[in-house]
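Thanks for coming. I will go through one protein chain today, and the sequence and structure are coming up on the screen.

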Amino acid sequence: MKFLLLTFVGVVHLLSLSSGKTIYKNDISQRSFQEIKEEIASYGDVAKAIINLAVYGKAQNRSYERLALLVDTVGPRPSGSKSLEKAIQIMHQNLQEEGLENVHLEPVKIPHWERGEESAVMLEPRIHKMAILGLGSSIGTPPEGITAEVLVVTSFEELQRRAPEARGKIVVYNQPYVNYSKTVQYRVQGSVEAAKVGAVASLIRSVASFSIYSPHTGIQEYQDGVPKIPTACITVEDAEMMSRMASRGNRIVIQLKMGAKNYPDADSFNTVAEIIGSKYPEQVVLVSGHLDSWDVGQGAMDDGGGAFISWEALSLIKDLGLRPKRTLRLVLWTAEEQGGIGAFQYYQLHKANISNYSLVMESDLGTFLPSGLQFTGSEKARTIVEEVMSLLQPVNITQVFRAGEGTDINFWIQAGVPVRRLQSSQAVTAQRTKLHIPSGDTGHLNWHKTAGSLGNISSLHRASRSSLTSDFKPFLLAAP
């Protein structure tokens, strides 16, 4: 259902929804809110046509089948890998064969990191083999590994208080989970803060509200002038266990081995396709998702689902013979997981024409049951967005949330371009976190940060088929 939302909001936005530097182009600035409201209401039949095609028509399962084929064929798509470039070439060919316009690849230089073999074994106070996942861009250990005593802390503040104890040790962070945006700082900055006080490695409690002994991966960042030390995530269970041991006064010793390596930047591409606008072709409404994933999962949800519903949005519009006034541009980013590398280079390349960007949208929160749309822009634009969303009443998805932010679109927010991001229901989003699974489990279409197998992709299909195959992106994109 999400691609319906993106299509539909984009469709009607093509007439009037803007804020910041791109607002009120051509005749829009002269129109009253009542006139805009009436025009939005006039697209009721378009909305119904998109809903019918996506939910009940021939497109009902299309995005699901497309996604399943790619992830089954290519598998994980880490930055700098041959599999990512294979996926990009497949998508480029798919978009050309569908007959979308201006299909092309835009070159990007991206990081290339490989994890290699990795292990962590507790040697004291007992022997215990730990599940770990190295963090993106981490250096490796010497071949013999690093064997050192552990210092367990629950915050950066505690680490600073106990800095004299940290030298020569492995710092283990057992930070409580507050929410993702606050807690992820330990994954991103944990190695740097540990290195500043003389630690030889850092292990971070996986950033999750729930765990079934499932370590997560993700990007971490080094800092100029600070020694680089190996860093990895451990499970919530092991972090809690070591915290209990430390509180009893036990001496904890771990042997850490990581074969991680950083290679020279690799050549890659952002993938672009369009439906060219009929009246204002130079003005752009951009929809997007990213094609890359981490290496321990197939990236079916992060962000294969987001990429494919963005493609589906244009497919639905094309199938219905709709021609928007403004150009609808699909961009499938590369190297998002390394910090939005592809999106940043796209922004740098196109920012000279930023006044032509009416709206930038992405989907990167999972393709579960949608509950509404996150929006960042002026209050006037928000009021118009709320009117647009009212056309989604037949599928009961009308909410407009705040803070439409994301790694690949934050550059545009800072430049004053309005952005939107899809929001899944909180209940399903919470369930998604609980279903992070270890390697070999086939019960869930895995999220990107765990060592999960795609396995039974149909579990998502059964649980929320409409969220992937009858999305509501086209609503937001296809005004005739």
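The second largest pocket holds about 320 Å³ of space, and this is in a predicted model. Its lining consists of 15 residues. Those nearest the centre of the pocket are Ser137, Gln220, Glu221, Tyr222 and Asn262. Two elements give two or more residues to the lining of this pocket: strand S1, residues 101–114, and strand S10, residues 261–275. By residue class, the lining of the second largest pocket has six polar, five nonpolar and four charged residues.

Now the chain as a whole. The protein chain has 480 residues, and 61% of them are buried. Its secondary structure comes to 17 strands and 15 helices. If you take contacts between residues at least 6 apart in sequence, 81% of them join residues at least 24 apart. The accessible surface is about 17,800 Å², and carbon and sulfur atoms account for 50% of that.

Helix H3 covers residues 44–56, and its 13 residues reach 17 Å from the first C-alpha to the last. The buried residues in H3 are Gly44, Val46, Ala47, Ile50, Ile51, Leu53, Ala54 and Val55.

Helix H4, residues 62–74, also has its length checked: the 13 residues should span 18 Å, and the end C-alpha atoms are 18 Å apart, which agrees. Buried in H4 are Arg62, Ser63, Tyr64, Arg66, Leu67, Ala68, Leu70, Val71 and Val74. As background for reading such lists, an α-helix has 3.6 residues a turn, so residues three or four places apart point the same way. Just after H4, glycine 75 takes a positive phi, about 75°.

Is arginine 62 buried or exposed? Arginine 62 sits in helix H4, and its relative accessibility is 17%, so it counts as buried, the cut-off being under 20%. What does arginine 62 contact, once neighbours within four places in sequence are left aside? The partners are Glu312, Ser315, Leu316 and Asp319.

On to the backbone, starting with the cis peptide bonds. One runs from glutamate 124 to proline 125, with omega near 5°. Proline 125 is in the loop between strand S2, residues 118–124, and strand S3, residues 128–130. Another cis bond joins aspartate 302 to aspartate 303, again with omega near 5°. Aspartate 303 belongs to helix H10, residues 300–319.

Then there are positive phi values in residues other than glycine. Alanine 335 has phi near 55°. Its place is the loop between strand S12, residues 326–333, and helix H11, residues 341–350. Asparagine 396 has phi near 60°, and lies in the loop between helix H12, residues 379–389, and strand S15, residues 399–402.

How exposed or buried are these residues? Alanine 335 has a relative accessible area of 0%, so it is buried. Asparagine 396 is at 60% relative accessibility; the cut-off for exposed is over 50%, so asparagine 396 counts as exposed.

That is the end of my notes.

How values were computed. Residues are numbered from 1 along each chain as its sequence is written. This is a predicted model: local features need pLDDT of at least 70, side-chain atom pairs count only at pLDDT 80 or more; totals for chains, interfaces and linings use all residues. Side-chain values use heavy atoms; hydrogens and water are left out. Helices (H or I, at least four residues) and strands (E, at least two) are DSSP runs, numbered from the N terminus. Buried means under 20% relative accessible area, exposed over 50%, partly exposed in between (1.4 Å probe, protein chains only). Contact means heavy atoms within 4.5 Å. Accessible areas come from the Shrake-Rupley method with a 1.4 Å probe; for residues, only the protein chains shown count as cover. On a 1 Å grid over the protein atoms alone, a cavity is a set of points where a 1.4 Å probe fits but cannot get out, and a pocket is an open set with protein on both sides within 12 Å along at least five of seven lines; lining residues have an atom within 4 Å of a point. Grid points are joined across faces, edges and corners, and a volume is the space filled by probe spheres set on the points. Ala, Val, Leu, Ile, Met, Phe, Trp, Tyr, Cys and Pro count as nonpolar, Asp, Glu, Lys and Arg as charged, and the others, Gly among them, as polar. The expected span of a helix is 1.5 Å times one less than its number of residues.
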